Amino acid sequence: MTVPTDTPESLGQEREPGEGQPGESLWRGAFRRLRRSPMAIIGAAIVAAFVFVAVFAPLLAPYEPASTQWTELSTPFFVQGPTSDHLLGIDRWGSDMLTQLIFGARQSLVIGVVSTFIGLALGAAVGTIAGGVGGVVDTVLMRFVDILLSIPSLLLAISIAAALGKSSIALMIAIGVAQVPIFARLLRGSMLSQSRSDYVLAANALGLRRRTVVMSHVLPNSLGPTIVQATLNLATAIIEVAALSFLGLGTADPAVAEWGRMIVSGQARFQIAPWLAFYPGVCIAVTALGFTLLGEAMREALDPKQRR
Amino acid sequence: MTTTMTSRAESGTSKGPLLDVDNLSVTFTRRGQRDVRAVDEVSFSVEAGQHVGLVGESGSGKSVTSLAIMGLLPKRGVSVDGTVTYAGEDLLTMPRKTRNTLRGREIAMIFQDPMTSLNPVITVGMQIEEVLLRHTGASKSQARERAQHLLARVGIPDPSRRVKEYPHQLSGGMRQRVLIAISLACEPRLLIADEPTTALDVTIQAQILELLKELVTDTGTALVMITHDLGVVAGLCDEVHVMYSGRVVESAPRRPLFAEPRHPYTGGLLASIPRLDSARGTPLTPISGSPNDTLPWAEGCAFAPRCGNVINRCTQLTPTLEPVGDRALRCLNPLSDPPPGAAQ
């Protein structure tokens, strides 16, 4: 038997680097497009910086968190602005603002990631059952998801957080559960479209069990859009963490730095020191922007219509 | 002739043919649109180890026939009539689970496009192992070993490395080899190949056909080869059914069909094959018109608008499939002599 001469290597060389290669792995092609997108690079840089700051907060922060040792520098009549000792000044409670912001990144990252993960896991489970089993199960689950979708997610999160009480865990569950319907709907949709692909037909022609077809053929190929949505949802989750904390639904421990609550406390001195609310606001906005840019770029890179 | 086109009496028993398709019709229905009958009372049978060709242009109903046999058509909007008997059992009425155990183990199928018929996210080795684990009761390590053996058998070099690769790392020809390995993994008794070489370039086509022929001949697997290319059928099939607009128009053993096509459509298909020995600059001989220029079968012969042999009756009477000598023919004014340029 002669060996076919069209090895993958030779085929790859003939093609333009930008051209989509037929049957190329979804992720590989997406990654190739992602690297060329300035939006993705900026987003990834912001996200990387944010994660870096959150992880290495104790090393980066100039002072101990929540040390409140400069209370005399924050009074209703005077708040210390930036100095060489305190690059961003002193916060409402007499701690170093930069230190508090750096530690606040931890809180946002942990709650944001955990809650999105909860939402992704539960949503993926619901979506897989609906898309995989189909029929009545699909209809019932999806109508339930529709009901949840009709409630604004922040409102849903507020209700759940209020019911669960003031704690970080409650915040994570609340924000996570509020994301379930989006993930469920998205995953079910892409599973339905993957079910019509040739390799699923081929898998069915081989008499594979439905469980095998769903779990090893349909599901892995449907996860792309859901993972992208998770990146976008991280931005929303971080904003929601801040929003719920702003509303007083976050952790009760005042020693834990949290951007949303820093805005609230800054409000008290807003007239004489507007930067107290401004800095944490900028942090929230930039972080959310980073995740959104990265998520949008990923979504575009994975869009089959982009593959020419 | 090994199959009978007219008598169906003995079918349904285990002594009958391996696969017996009797009066199979597939109709696509869509609310607000006219029903489309893609397959219209198609009957043919396949003996164990026999190679049968289903030939026709795009839209002639070949692929839908194969999907109907496999039970792979969507349930909604499709109605399937007639019977498909495999080894004495009716495939269309048997429970889904029973049919699912036959698929892949007894009846396997190779699809047209190797680029899209493999799952891009799992390794080719895993895709072979899956079938073995499902149908043969092999252990994981046995399946892995057998997967490498199968890849070697379909002519893929270095199988121990290839099993760990993903489909995008393989060329089109290689992927079709993998698909053949998957479909033959459980040594099925019947293989349906739906245009297995259409998506490949010509040199690879020849290799794949040669491989397929070698494998089915060695294992005694019966083959239903679905193609638009009479050249593919010529080297492979014992018996050929030519389809047009959902119906079989001519059925014959290979040699008589090629030597003396009787239906003008078969003649046209044969004449349209470019020949090596024709003089340089000789124009190709197409069948005039397109497959869209059909007459509904109810109003006459569907091929009449494109037929060079058309007579008045063709647009008034619906021709029936009649036995003529060693073949069956659906034509009111058949060709009597081989048309010029037909393969000998």
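**Entry 1: ground rules**

I note that two strands pair if DSSP finds at least two bridges between them. I take helices (H or I, at least four residues) and strands (E, at least two) as DSSP runs, numbered from the N terminus. I am looking at a predicted model, in which local features need pLDDT of at least 70 and side-chain atom pairs count only at pLDDT 80 or more, while totals for chains, interfaces and linings use all residues. Residues are numbered from 1 along each chain as its sequence is written, and chains are lettered from A and ligands numbered from 1 in the order in which they are written.

**Entry 2: confidence**

I looked up pLDDT, the predictor's confidence in each residue, from 0 to 100. Chain B averages 86, and 93% of its residues score at least 70. Residues 1-13 of chain B fall below 50, and beyond near neighbours in sequence this stretch has 23 contacts in the model. I count two residues as in contact if their C-beta atoms, placed from the backbone, lie within 7 Å. I remind myself that where pLDDT is low, the predicted coordinates should not be read in detail. For the complex, the predictor gives an ipTM of 0.82 and a pTM of 0.76.

**Entry 3: the eight-stranded sheet of chain B**

I followed an open sheet of eight strands in chain B, in the order S6-S7-S8-S3-S9-S10-S12-S11, and its pairing is mixed. Strand S6 (107-110) and strand S11 (322-324) of chain B are the edge strands, each pairing on one side only. On average, neighbouring strands here are turned by 20° against each other, direction ignored. I also found H6(B) packed on the sheet, where this helix touches S6 and strand S7 (190-194) of chain B and makes about 170° with the direction of S6(B).

Which strands does S3(B) pair with? I found that five bridges join S3(B) to strand S8 (residues 222-227) of chain B, and the two run parallel. Four bridges, also in the parallel sense, link S3(B) to strand S9 (residues 239-244) of chain B. Gly53(B) stands opposite Met225(B) in S8(B), and Val55(B) has Val242(B) in S9(B) as its bridge partner. Further along the sheet, strand S10 (residues 247-253) and strand S12 (residues 327-329) of chain B pair in the antiparallel sense over two bridges, with Ser251(B) opposite Ala328(B).

I checked burial next: a residue is buried if 20 or more other C-beta atoms lie within 10 Å of its own, exposed if 12 or fewer, and partly exposed in between, with C-beta atoms placed from the backbone. Five of the five residues of strand S3 (residues 51-55) of chain B are buried, so the strand is largely enclosed by the rest of the structure. His51(B), Gly53(B) and Val55(B) point one way, and Val52(B) and Leu54(B) the other.

**Entry 4: the four-stranded sheet of chain B**

I found another open sheet in chain B, with the order S2-S1-S4-S5 and antiparallel pairing. Strand S2 (36-46) and strand S5 (89-90) stand at the edges with a single partner strand each, so one side of each is left without a neighbour in the sheet. Strand S4 (residues 78-86) of chain B joins S5(B) through two bridges, and Thr85(B) has Asp90(B) as its bridge partner there.

**Entry 5: Glu165(B)**

I stopped at Glu165(B), in the loop between helix H5 (159-162) and H6 of chain B. Glu165(B) counts as partly exposed because it has 17 C-beta neighbours inside 10 Å. Leaving aside neighbours within four places in sequence, its contacts are Thr123(B), Val124(B) and Leu170(B).

**Entry 6: helices of chain A**

Axes are lines fitted to C-alpha atoms, for helices over the stretch in contact, and angles run from 0 to 180 degrees between N-to-C directions. Helix H5 (residues 97-133) and helix H12 (residues 275-302) of chain A pack at about 35°, with axes 11 Å apart. H5(A) and helix H10 (residues 210-246) of chain A pack at about 145°, with axes 8 Å apart.

I sorted the contact residues by class: Ala, Val, Leu, Ile, Met, Phe, Trp, Tyr, Cys and Pro count as nonpolar, Asp, Glu, Lys and Arg as charged, and the others, Gly among them, as polar. The contact of H5(A) with H12(A) has five nonpolar, three polar and no charged residues. With H10(A), the H5(A) contact divides into eleven nonpolar, nine polar and no charged.

**Entry 7: where the chains meet**

How many residues does each chain give to the contact? I read 36 from chain B and 29 from chain A. On the chain B side, H3(B) gives the most, with four residues. That side has 18 nonpolar, 13 polar and five charged residues.
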